[in-house]
Amino acid sequence: MRRMLLWLPLALFAALFGLVALGLFKPADRTVRSAMVDKPLPDFTLPAIVPSKPGVARTSFGGGKPRLINVFASWCVPCIAEAPELMKLKAAGVPIDGVAINDTPEAVQKFLDRNGDPYQRIGNDKASQVQIALGSSGVPETFLIDGRGRIVRQYVSNLQDDQVDDILKTWRGMR
Amino acid sequence: MRPLPRFLSHAGLVPASNERQAGCVESKGLRLRRVGPRHKAGVTVVLGLILAAINPALAEKASLADTQLSDPAKEAQAKALMETIRCVECQGQAISDSNADIAGNMRSLIRERIKAGESPEQVRAWLIQRYGDYISYDPPLGGATWPLWAAPFVLLVIGIVIARSSFRRKR
């Protein structure tokens, strides 16, 4: 028994070493996820940012029709990479509302002209009020809202093909 | 266009990129203060009014990100709360220390809510509802965190036991 105990510190050290090594090769996921998923969409009203489109408000969600909220910005590079994925969703008939973070009408219009315009409405969220209310930590992020106005899913960072498929499947299932 | 790798592509996760929202810079003592000759203030106000009339977007209420509340007691409450709210972008910094846009917007939101009469704990609860316990540097006592509180006492008891047995041996 005594002899076995002698090895205990080394065993503990080896275990700790293993733990640290594991953390080195498989870093933790630092994504901040919203705690608002599975909760009703908070109340908000955002004014329009471009003259051709209305703003976004809580009242435009629910009513039996699932929709997407895309939190984006004209100054955000991954948002450009995401644009073709959003256009695919638009082509499939998914209604998308944009929430523009810290942006200007001119810059948003230029962004839409250059990268395509998947949005039905775009709200001006100058102070990140709605972004924070949604529990979003950056741009781009996409939220799927069901027909009862509940947040069903959150997609952090630019959408990938598999996520677009997931959105389409879930959205068709909800209609 | 080849999609950006997912782990690199969220502005919240790119500390060194040129994204405006990713402004994770050590900022203590470096925040710019608006200084200028006094006589220009009137000109600025007039200019501001003209601009506001031209562009309604500029007429929005000013951000309180770097502007203190006029009530010192409320400002102290807001400041104390900001020091215990984690920045979701420059993770590891408090929003009071972070230069990230979203941290500034959170400071503004906290000041507005405190100004409107909410208590700091109400605002903290509201933020925890959005981002989970992660957002708060003041972790609540719960199922996952009780060892944090228990550990010092457990270690103290173990220490006393070891000390007692080793002192006995000496005698």
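Predicted model: local features only at pLDDT ≥ 70, side-chain atom pairs only at ≥ 80, totals over all residues.
Hi everyone, let's begin with the cysteines. How many disulfides does a search of the whole structure find? Over all chains, it finds one. The partners are A:C76 and A:C79, with their sulfur atoms 2.2 Å apart. As a quick reminder, a disulfide is a covalent bond between the sulfur atoms of two cysteines. The torsion about this S-S bond is about 90°, so the disulfide is right-handed.

Is A:C76 buried or exposed? A:C76 counts as buried, at 0% relative accessibility, and A:C79 counts as buried too, at 3%.

Now over to chain B, and B:C87. The closest cysteine sulfur to that of B:C87 belongs to B:C90. B:C87 is buried, with a relative accessible area of 0%.

Let's stay in chain B for the helices. Helix α3, residues 101–115, and helix α4, residues 120–131, have axes that come within 9 Å and cross at roughly 140°. The two helices are therefore oblique to each other, and their crossing is right-handed.

Which residues meet there? From α3(B) we have B:I102, B:M106, B:L109, B:I110, B:R113 and B:I114. Facing them from α4(B) are B:P120, B:V123, B:W126, B:L127 and B:Y131. By type, the residues of this contact divide into ten nonpolar, one charged and no polar.

Note on methods. Residues numbered from 1 in each chain as written. Chains lettered and ligands numbered in written order. Heavy atoms only, no water. Axes fitted to C-alpha atoms, helices over the stretch in contact; angles between N-to-C directions. Helix = DSSP H or I, 4+ residues; strand = E, 2+ residues; numbered from the N terminus. Parallel < 35°, antiparallel > 145°, perpendicular 65-115°, else oblique. Left-handed = near helix turned anticlockwise from the far one by under 90°. Contact = heavy atoms within 4.5 Å. Nonpolar A, V, L, I, M, F, W, Y, C, P; charged D, E, K, R; others polar. Disulfide = S-S within 2.5 Å. Buried < 20%, exposed > 50% of the residue type's maximum accessible area, 1.4 Å probe, protein only.
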